[in-house]
Amino acid sequence: MAFLDKLKAGLSKTKKAIFGQIDEVLKAFVKVDEDLLEELEELLIMSDIGVGAVEEIMEKLRDEVKSGRLKEKDQVTAALRGILEDMIGEGEELNLSTTPSVILVIGVNGAGKTTSIGKISNRLVSKGKKVVVAAADTFRAAAIDQLAVWCERSGADIVKQNEGSDPAAVVYDAIAYAKRKQADVLIIDTAGRLHNKVNLMNELAKINRVIDRELPDAARENLLVLDATTGQNAIIQAKEFRNAANITGLVLNKLDGTAKGGIAISIKSELGIPVKFIGVGEKIDDMQEFDNKEFVKALFE
Ligand code: GDP
Ligand code: MG
């Protein structure tokens with residue numbers, strides 16, 4: 001299946017639950033009035049968009065009605081689509097302006113960090129970039145092996161140590177290797193769970209200090225990987241990780257298997273962080289740069 005078809009299939013539940021009902025709501029009203037807007041609001045509230053974001057959407061819709069731009073019923077869907085596109089925000093490209101650039105990948109266990117690194121490496125390698133991956137999730141041996149398999153598939157070099165070794169030391173080694181090999185991009189995999197949350201956040205801070213010291217002028221991306229199937233929980237996670245790292249972008253995974261695609265709508269307005277990639281499966285090409293127009297299209301059409 002092509003990427004867009006997978007995205008559409010993944011969003012079909014959200015689409016049916018919310019956007020598929022909009023026509024029904026519209027049918028029940030003659031003109032655009034407060035009653036219609038309230039009915040619409042109720043529909044959005046029942047979705048997984050998040051209450052704050054729904055308020056924002058409704059405020060904008062009401063503004064359009066007030067200003068006279070939205071008069072007819074058949075303009076409602078188009079207006080809503082426009083508002084959603086603006087809220088979701090345009091996807092932003094990775095800043096990879098230095099050699100090497102650094103992409104630190106963080107997120108809870110199972111969010112899809114290692115898989116995303118495989119997919120992103122593959123995209124970069126196929127554009128002719130030399131990619132080095134640091135296996136700084138040293139918590140389990142299996143995590144290192146899994147990353148090694150992805151590196152083999154994508155054509156990236158891996159720098160690793162034994163299970164249980166100091167993640168910051170792996171990063172230090174990987175930076176030295178990337179410099180020596182004149183790599184274009186260094187991608188760092190990290191653990192999603194250590195003995196406790198404080199440990200995890202301290203570990204990330206330590207890794208950040210090593211990068212700051214060894215590559216002070218490097219272009220940096222701190223990508224937070226989120227599992228879309230966890231819905232609003234993903235936003236709570238993001239707020240926690242934001243305390244440990246300056247997150248520059250989000251990777252929203254598992255949009256193929258979720259009834260909670262609405263998360264992509266509220267996440268930018270809730271966090272102020274752009275979604276840079278979305279994942280729609282476990283294969284190497286199941287990832288794309290985020291495109292707000294395409295996403296909204298998949299929700300409505
Ligand atoms: P990590 O613990 O954050 O490194 O997560 P992994 O990369 O190991 O992924 C956890 C599980 O989620 C694996 O079974 C992946 O195959 C699966 N996975 C990752 N991304 C996606 C996605 O976009 N869609 C689906 N369906 N599964 C995914
Ligand atoms: Mg992993």
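## Salt bridges and a helix pair in a predicted model

K206 is partly exposed, having a relative accessible area of 32%. In this predicted model, K206 forms a salt bridge with D166, and the closest N and O atoms of the two are 3.3 Å apart. The pair links distant parts of the chain, since K206 belongs to helix α8 (residues 197-214) while D166 sits in the loop between β3 (157-159) and α7 (167-180), 40 residues apart. D166 is likewise assigned as partly exposed, with a relative accessible area of 33%; this follows because partly exposed covers values between the buried limit of under 20% and the exposed limit of over 50%.

### Salt bridges

Side chains of opposite charge can pair when their charged atoms come close. The structure holds 17 salt bridges, and three of them are described in this report, including the pair above.

| Salt bridge | N to O distance |
|---|---|
| E41 and R62 | 3.5 Å |
| E301 and R81 | 3.0 Å |
| K206 and D166 | 3.3 Å |

The side chains of E41 and R62 meet in a salt bridge. E41 is part of helix α2 (residues 34-45) and R62 is part of helix α3 (residues 51-66), so this pair ties together parts that are 21 residues apart in sequence. R62 counts as partly exposed, at 24% relative accessibility.

The side chains of E301 and R81 also meet in a salt bridge. E301 is found in the segment after α11 (292-300) and R81 in helix α4 (residues 76-88), so the pair ties together parts that are 220 residues apart in sequence. E301 is partly exposed, its relative accessible area being 42%.

Beyond individual pairs, E34, E41 and R62 are joined into one network by salt bridges that share partners.

### Helices α5 and α6

Which angle do the axes of helix α5 and helix α6 make where they cross? The axes of α5 (residues 113-126) and α6 (residues 141-154) cross at roughly 20° and come within 9 Å. Angles under 35 degrees count as roughly parallel, and α5 is therefore roughly parallel to α6. The crossing of the two helices, α5 and α6, is right-handed.

On the α5 side, the contact is made by T114, T115, I117, G118, S121, N122 and V125. On the α6 side, Q146, L147, W150, R153 and S154 take part. By class, the contact of α5 with α6 comprises 4 nonpolar, 7 polar and 1 charged residues.

Conventions. Residues are numbered from 1 along each chain as its sequence is written. Chains are lettered from A and ligands numbered from 1 in the order in which they are written. This is a predicted model: local features need pLDDT of at least 70, side-chain atom pairs count only at pLDDT 80 or more; totals for chains, interfaces and linings use all residues. Side-chain values use heavy atoms; hydrogens and water are left out. Axes are lines fitted to C-alpha atoms, for helices over the stretch in contact, and angles run from 0 to 180 degrees between N-to-C directions. Helices (H or I, at least four residues) and strands (E, at least two) are DSSP runs, numbered from the N terminus. Angles under 35 degrees count as roughly parallel, over 145 as roughly antiparallel, 65 to 115 as roughly perpendicular and the rest as oblique. A crossing is left-handed if the near helix is turned anticlockwise from the far one by less than a right angle, and right-handed if clockwise. Contact means heavy atoms within 4.5 Å. Ala, Val, Leu, Ile, Met, Phe, Trp, Tyr, Cys and Pro count as nonpolar, Asp, Glu, Lys and Arg as charged, and the others, Gly among them, as polar. A salt bridge is a side-chain nitrogen of Lys or Arg within 4 Å of a carboxyl oxygen of Asp or Glu. Buried means under 20% relative accessible area, exposed over 50%, partly exposed in between (1.4 Å probe, protein chains only).
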